[in-house]
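Me: Please take a close look at one part of this model and connect it to its surroundings. Kindly state each cut-off where a term is used.

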Amino acid sequence: MKRHLTVAIATGLTVALGVSGCGKGSSSDDGGSDGKSIKFVAAIYDSNAEPYWKALIKDFEAKNSGYKVQLEMVDWTQMDAKVKTYIQTKQAPDLLNYNSFSDFARDGLIYKASEVVSPTTLSDFTPTFVEQSKYNGDQYALPFISSARLLFYNKDLFAKAKIANPPKTWDEVKTDAEKIQKEGGATGYGLPLGPEESQAEFYSWAMNNGGGWVDASGKWAINQPANVETLNFLKGLKDAKLTQPNPETTDRKTVFNQFAQGKIGMAIGGPFTKAGFIDPVNKNLNFGVTSLPSKSGTEHNTLGVMDLLAAFKKNDGKNKEALKKFLDFLYQKENTSTFLKKEGFLPVTKSAGDALSSDPYMKQFVDALPSSKFAPTSNPAWSAVAGAVKQSLGSSVANKDPKKVLDDIQKTAEKSG
Amino acid sequence: MQDLETRARDAGATARPSRPSALRRAGRALTPLVWLGPSLVLITVVVLWPVVEMVRTSFQKISSSGVTLGGNGTTNYTDLFDEDDLIPVVLRTLGWVAGIVITTMVLSLAIGQLLNSRFPGRRIVRWTVIVPWAASVLMTSLIWKWMLDNYSGLVNRVLLDLHLIDEPVNWLAHPWQAMLWMMWVAVFVSLPFASFVILAGLQTIPEDVYEAARVDGAGPLRTYFGITLPLLRPSIMIASIINVINVFNSFPIIWAMTGGGPGHSTDTTTTFMYKLAFYDQNVGESGAMAVVNFVLILAMVLMYLRAARWREEVR
């Protein structure tokens, strides 16, 4: 009897301890309060990312004895959920590799850029990206990588359809797509309006029609006439069967998989598209890259995208020293350009810029950067707006009225601030 | 359980002759806690605490970054009920649950019967039926997603070769078709559990009842509806309640196959809740949706128990 009792009590205690242990477990790796070790959450862009960071951290730790960087790699598809959980449970990392920062700045969670990098590093950032990193006039985010969008076209299909030059205007896009469809037996334009990144595809068209997310005063203007016209144009392409079926459920990967197989004539892609999507499928694809077509054909803007690093306030600022050491190390020319080359991204610093311009494919994107327009990421409400766009924009080419869809997104935007 | 009780009583009986002090009596009264304790602790930590947290979240204002900014009154709830998509999503969820559970139960009654009869290779068939259960739901959903793919899917290939369709159909892009396919996948992964509960139920029906029926001259149909089905009622009830809860909360199938899209047209309350938190950046409103979801499940299960006259079964 006594033994039974002992066993039962022991079991009970084990369960109770086990449960409370779970609750505490994760706070123990807080980064330590000695200010010499930091936790870094990095995004998995592709399989090259983790080896890169591991090697970099090893190098850093060897050159700065006593300092430690604890790395956690998170896939982009889980990043949003993870980040929210970190912050809600007060377990934010010291350094985060992410694509938005303004709500962190608004809620007082992150350091200003000048607090965590040396003046030399700070002055090395390209001014375009510094602008994108500001909240209420102060730079908070540290630009990390950038990207631009251009129109990819299949040269063989264009030759087959007897088209001499890639399209400059929207009308040309339409007639070229018709020719490719008729003569080339392929889909004219690949339109990814699925939830993955429909905001980027849409903005790439809208900005070349004088549209955009905000008006001149910075207020949300998502249902402005230029945007409605843009969406109607895209819907028109789909209704004329010049796109692949069901753009509302298609993501970029599918479009470029078809593009690489020579089944799509044109699609909008970025510098990473060649290494990430085309080469794995068909290394010999004969394709060209040109500026994004515009309604008028006179001015061609490109979509700029910037990912960043955000440094979180912790332990009354004790982590600042280690952050500064690590960030200054990371932003050294050779360290950043290695990452950019491996992943196919564009530089955010002046020093790494020259290193990439030697590659003719990459150079086209580097050259397009000055004409790039960005999503309003410095507005804290942007992530909610982008979320609304991802969820509902695609339905405008399926079964809903484009104007109504944009009206609804505008409502969401105004509600979010 | 009974064994434990008798043992506890025996222990008490042997202790009685020695002086029964007040401390001892208190100790005896607390003895059941030793056995109940672990499960009580588990229930509190794993069930009750999250429920409290969920309700608390639904009344809080949580910034888009994840910081709690304080109380928000009932704003999260009014925001939620203002969503145009809420009613269609809830109705769709009810249809989703009813469709899957009814189909699963009908099919698993047949499968259970099959697995219960003797035939060569029965062991292999029993194992095969377990496979969809053993495989991860996410994996199964992804496999089906690719089988239904517009460009390279197996389903389109087969239907094209059979000349049942003239051009590939993008099954998951059309809300109705997508819904039906996803319900099929949900039935597919729910079948093993339901079938085995039914099988277990079939094996508890004593042979002499059937013998008596045979003597009285009842045919196979009469025997099934007069004896088997009524005696299976507890198993059917358990299987369908667990199925209702599982299917109601099913996230991976829809998330992997359509992501609830296009728009909200294949969302159920569970995926809608996720989108509120991670697309609309509104954790508070998502919490409110979670509470509504919780209440809906509770109401459905209670209504079901009532309809199935649960008390009679317990008695």
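Reply: Helices (H or I, at least four residues) and strands (E, at least two) are DSSP runs, numbered from the N terminus. On that basis, Lys68(A) belongs to strand 2 (residues 68–75) of chain A. The model is predicted: local features need pLDDT of at least 70 and side-chain atom pairs count only at pLDDT 80 or more, whereas totals for chains, interfaces and linings use all residues. Residues are numbered from 1 along each chain as its sequence is written, while chains are lettered from A and ligands numbered from 1 in the order in which they are written.

With 17 other C-beta atoms within 10 Å, Lys68(A) is partly exposed; a residue is buried at 20 or more such atoms, exposed at 12 or fewer, and partly exposed in between, with C-beta atoms placed from the backbone. Leaving aside neighbours within four places in sequence, Lys68(A) contacts Lys36(A), Ser37(A) and Glu61(A), a contact being two C-beta atoms, placed from the backbone, within 7 Å. Ala164(A) lies 96 residues from Lys68(A) along the chain, and their C-alpha atoms are separated by 57 Å.
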